[in-house]
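Here are some questions about how the terms used for a structure follow from its computed values, each answered by setting the value against the cut-off.

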Amino acid sequence: MISNSISKHMAQMNPSLIREIFKAAQKENLISFAAGSPSAEEFPVSELSEAAERVFSAQGTTALSYGVTEGYQPLRQWITDALCREQICSEGDDVIVISGGQQALDFTAKCLIDEGDTVLVEAPTFLNALNTFRTYGARLAGVPMDEEGMDMDALEQALQKEPRVKFIYTIPNFQNPMGVTMSAARRSQLYALAEQYDVMILEDDPYGKLRYSGEPVAAVKTLDQGKRVIYTSSFSKIIAPGIRVAYLCAPKELMAKMVVAKQCVDVHTNMLSQLLVYDYLTHYDLEEHVRVCCEHYREKRDAMLAAVERAFPAEVSVTRPEGGLFLWVTLPEGYSGMEFYQHVVEAGVAPVPGAPFFADNMPDDRGMRLNFSVPSIRQIEEGIARMGGELRKFIQ
C-alpha cells in the first residue's frame, strides 16, 4: 500500500483548504471572497509583453540558460539597493532572488528547525506557513492578535513557557488573514523580546506596498542590530503572482545555508521571470503602477466596509485594514465560521472559514477571511448583502 510508504511528516498534511475553496468558487454565479491574490485587472500585461520582446531580442540565450542560485545579478542589485534605501538591508546581510515568497518560509524552516523545535506564530496566521513549518517537524504555538498585531504580553509568556523556540513568524503589514498592521511600538517590543530570549524573527512582508490609508511603519528588520531578522517580500502582489519572483534578506551566515537549500530545490529562480521583472523595473514606473493599484483597492476596501456596515448584524465584528487584500470577520461566541460557510455557499457566496489559520494550541472557529481585491464593487455589494442576510438567519 502506498499509504504505508508516505513519510510521517506528509501523512498528516492535507490539501490547502483555501485552494480547495478557490476551486469550488469557480462555479457560475458564485461570488467568491476566497482569493488571496491581487486583481488580474491590475496585471501590467501590455508592459510585460513589451518586456518579453526586449528580453528575447537582446538576452534570449540568457533567459533560456541556467543562472546562478543567488539570482540574476542586475535584479539582485536593484532589490538590494531598494532595501538599503529603506534601511532593511545593511552591512552583514545578503539578498537572494527566490521562487515566490513561499520559498522563504521553506528555507527558513529547513535551515533553522530541528524535529520538535517550536515556532511562535500569530493566531491566526497564513495557512501555508503553518503547513510548511509542520513538514519540518515543528511544534506550532499561536500568539493572540488584536488591532495592533501580536499581543506582546502573550508573546513573552510563550517565550517563557514553550520549549526550544527557534523563531517567531510575523506578517506585520496588513496581515493575512486579519488585515491588521503591527504598531511601531509593538515592533520594537517584538525585536527586544527576540533579543532577550535569543530567537530569530521571520518577517514576511508581501503586502507592505499596498497601503491605502494611515502612515507607513518601518520594518522590524530596520531594528536588526543583532542580525536575527529574516526579511522577505515579493513582486507577486505588486506586479503579478504567476511570475513567482520574490526575495529574501538575511544575515550572511544564514544566507549561505539558504543558498544551499535553494540549490537542492530548484537550482535557481526561473531566469525568464527574473529578466522580465528586471526589464519592467527599469523601463516603467513601478511606484505609479502601485499607486494606481492602491487607488482601485482602496475603493474596493471602502465598498466592502460600507456594505458590511449596512448588512451585517451588530454582534459580528470586522477588522478595518489600512491596506493589503483582506478583512477578518469574527462571529459571536458559540458560533462556527465553518458551519456558517456551509450555509452561505448555498446562498452563492464563498468566504474562507477561519479555523485552519490557527495553530493547534489555539483552535478558534469563529472567524472568516474576506478578500476585496479580486471581486468587482458590484460583486462586493451583492455578496456582502447575501452574507448579511444569511448571518441574520444564522445568529439567533
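Q: What makes Ile98, Ala104, Leu202, Glu203, Asp204, Asp205, Tyr247 and Leu248 contacts of Thr232?
A: In this predicted model, contact requires heavy atoms within 4.5 Å, and Thr232 touches each of these residues, with those up to four places away in sequence not counted.

Q: Why is Thr232 called buried?
A: The term applies under 20% relative accessible area, and because the value for Thr232, which belongs to strand β8 (residues 229–234), is 0%, Thr232 is buried.

Q: What makes the approach of the Thr232 side chain to the backbone oxygen of Tyr247 a polar contact?
A: The cut-off for such a pair of N or O atoms is 3.5 Å, and a polar atom of the Thr232 side chain lies 2.9 Å from that oxygen.

Q: How do you know that β2 and β9 pair?
A: Pairing needs at least two bridges, and β2 (residues 93–98) and β9 (residues 246–251) share six, in the antiparallel sense; among the bridge partners are Val95 and, in β9, Cys249.

Definitions and conventions: Residues numbered from 1 in each chain as written. Predicted model: local features only at pLDDT ≥ 70, side-chain atom pairs only at ≥ 80, totals over all residues. Heavy atoms only, no water. Helix = DSSP H or I, 4+ residues; strand = E, 2+ residues; numbered from the N terminus. Buried < 20%, exposed > 50% of the residue type's maximum accessible area, 1.4 Å probe, protein only. Polar contact = N/O pair within 3.5 Å; in protein donor to acceptor, adjacent residues only side chain to side chain.
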